[in-house]
Each structure stands twice: as structure tokens, then as C-alpha cells.
Amino acid sequence: MTRDQLLTAPDTALPSLRGAVAGLPPYVPGRRSAGLDIAALASNESHYEPLPAAAAAVAAAAGTMNRYPDSAAVELRERLATHLGVTAAEIAVGPGSVGVLQQIITGLCDAGDDVIFAWRSFEAYPILVELAGARPVRIPLDDAEGHDLDAMAAAVTARTKVILLCTPNNPTGVPISHECIEAFLRAVRSDILVVIDEAYVEYAEAGSGPDSLALYRQHPNVCILRTFSKAYGLAGLRVGYAVAAPAIAEGLRRTALPFAVSALAQKAAVASLDAGGEMEARVAAVRQERARMAAELEVQGWRLQPSQGNFLWIRADDHLLATLVDAFDRAGIMVRAYQGDGVRITVAAPASNDRVLRLLEAHTASTID
Ligand SMILES: *Cc1c(COP(=O)(O)O)cnc(C)c1O
């Protein structure tokens, strides 16, 4: 065939995406702040600049960008092992904990396997599950915006491979208690991986959520997922990790995209762990602001569940949601709206939190029953 014949061949269909990919929601980029007065409260990022030690480590490592990073992330895994009281063999790192979660799901699930999670929870869950050809099983939250663990246990079938627990839950902020997860772990088969996603664990009051490491030691089918993106303020560098039984952690390391965690991210993560005290001081300030906002919103008449994350959750029907989204938009405050469910607002610096409080105050009287 000549080139012309090829170009005019009758079958001109384009290569097609897999059905699972075609069915995914389009990626909607978070809007970036366009002006000084825009408050970026839509992505639960830290409003603080990176910890000075992390920024210095990145600057110092910048000259090595011509080299590939350590794909085994040995230094970071050993530093994490010391930090957590486990061995480096029990740790797998990835490009954000979302990256690690993708390694978990693709590493464990065959097409048609079930992955159970609460809904509403983290938006990435159904996307990663569908991308792997597995089946997302969404279990509605209970009336107190928390996980309905009885319903989740009842949803287990022979096809269940992974269960995702998010504590404190994004976007509702409600944690799962240690005792509830303990009972849940006794109720589910030990060949199901129970992932405890603790992206916001640093923001939670001591004792509000599980002692996940203790649960992991008792139940080797537990996998703990954590990130440097939130409290440590490294969202833009992409580094998170899992703690899991050595054979599983090793499998996760095998499923990783080679060199996915840059040397800069590895160095920044190690420096951030070394500067843990500074991180904790920042987190304490956010907790204090969270309590101040919650108290004031209660006085205003809003009925919110206490949040253990760096965000507040306002359940809203679509009418209230549209009103709030419009008001936040006009005020230059970026928040995350979830159709049919509500709106999530990141707790940040006092000045932007005050703007949120003033805005919400203007909407209480007319919108709350
Ligand atoms: C933000 C978040 C993550 C972490 O994302 P990274 O990929 O580590 O940036 C994981 N789980 C939940 C529930 C989150 O909200």
C-alpha cells in the first residue's frame, strides 16, 4: 500500500480507550489563585510555606537533577522505619499516597475484584479502582458522617480484595475509633487487605482515631497509608508511603513506576521528619483555628460534625450548595463543592478563616432549617 492509500483507508477509526478509561470523570484541575485576595481553601493543602529544612534540602539536592533518584528510596524508608518503629522492609513509598494507593490496587486486584469503601470519601478511590478494572463498592456514610463499618463488613463477598478506610474521613472530617476498626478487623477475612488511609492523621486529636500501628501489628492484613502532602506541606513534591507486611510492601515496591519519587522529594521528606517539632507547632495552630471556627459556626446556627482534619464539612442539599458556591465564588474563596452532598472548606490562616466565617454568617438565617 502506498502512503496515500493508507491515509485514505476506509477504516479510519481512531485507537479507542478502554471502556474503564472512557467512563472516568474528566479531570477537573483545582483552580489556582489568580490574585492576592483569592483564598485557596479547596485542596486541604497546608497554607504554610514548606518547612525551612525541607526547602533547604531541596535546594541542596537541586544540582543532582541530572541523575535518577534512588528507586528503592533506602534513606527515606530507613528514616521512616525509625520514626514509626517498623523495619524498612515494611515500607513502600510512592508519588503521593495516591500513587501508593494505585500500586496497592493494581498490585492486589484482578479485573472484576471488589474494592469496598465508604461514600462519600476521597474522590480518587473510585477512579483508581475503575482504572484497574476492579469494581468499586460504595457504602453510604452513617447519619453522623462516619464510616458504617457494619454495612461495610456485610458488603464483603468472595471477590473482595481490598477495603479502604479513611480516617479522619475526607471530606467529612469524622474519624473511625480504634475499637471500631479492631472489631471490624476481627469480622473480615484475613486475606482482604484493609487500607487505613491516614492522610490527615497529624491533624487529629490524640485518641480520636485508631492507633493504626498497633492494629497493623495485631493484623498483618492492615496497610497504613500516609503522606507528606498535607501536614508536612509537600503536596507539590509528591511523596507518600505505605506500611504493610514485608511481602506486601515488597509487592508494592515491585508495582511502582520506576523512579516515581524524585530525589528532591525523598530529601525533603527526610528533612521534614527531622523537623517534626516545627510541623507539630503548625498543626497545633490549625487545630486551634479549627476549634475557633467550629465554635463560631455553632453560634451562627450551623450544625456540623466535629472535624479531625484540616477542613470543615458542611452538608448541603443542591439548593443550599448552589447558594454557597456562588457566594464563595464571588468572595474569591475557593472551596470544594460536592454535588448532592455538601461543601468542604480547608482551615488555613486566621485571616482567610475569618472571611469564611463572615460569609457563612450571612447565609445562616435564610438557609438552615
Ligand atoms: C490528600 C489525600 C491523600 C494524599 O494525596 P497525595 O497523593 O499524598 O498528595 C490521600 N488520601 C486522602 C483521603 C487525601 O485527602
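Predicted model: local features only at pLDDT ≥ 70, side-chain atom pairs only at ≥ 80, totals over all residues.
I numbered residues from 1 along each chain as its sequence is written, and side-chain values use heavy atoms, with hydrogens and water left out.

**Ligand shell.** I looked up which residues surround the ligand and found 13, the closest being S97, Y200, T227, S229 and K230. A residue counts as near if one of its heavy atoms lies within 4 Å of the molecule. By class, I noted five nonpolar, five polar and three charged residues in this shell. Here Ala, Val, Leu, Ile, Met, Phe, Trp, Tyr, Cys and Pro are nonpolar, Asp, Glu, Lys and Arg are charged, and the others, Gly among them, are polar. Helix α5 (residues 96-108) gives the most to the shell, with three residues. Helices (H or I, at least four residues) and strands (E, at least two) are DSSP runs, numbered from the N terminus.

I then looked up polar contacts, meaning pairs of N or O atoms within 3.5 Å. An N or O atom in the side chain of S229 is 2.6 Å from a ligand oxygen. For R238, a polar side-chain atom lies 2.7 Å from an oxygen of the ligand, and for K230 the corresponding distance is 3.2 Å. The ligand taken alone exposes 390 Å², of which the protein buries 94%; these areas are Shrake-Rupley values with a 1.4 Å probe.

**Second largest pocket.** I read its volume as about 550 Å³, that is, the space filled by probe spheres set on grid points joined across faces, edges and corners. A pocket is an open set of points on a 1 Å grid over the protein atoms alone, where a 1.4 Å probe fits, with protein on both sides within 12 Å along at least five of seven lines; lining residues have an atom within 4 Å of a point. It has 30 lining residues, and E198, V201, E202, A204 and R226 are the closest to its centre. The lining divides into 15 nonpolar, eight polar and seven charged residues. Its largest share, six residues, comes from α12. Domain 1 (28-44 + 277-363) and domain 2 (52-274) both contribute to the lining, so the pocket lies between them. The domain bounds come from an automatic or database assignment.

**Backbone.** I found a cis peptide bond from T167 to P168, with omega near -10°. Another cis bond joins N170 and P171, with omega about 15°. P168 sits in the loop between β5 (160-166) and α8 (178-187).

How values were computed
Polar contact = N/O pair within 3.5 Å; in protein donor to acceptor, adjacent residues only side chain to side chain.
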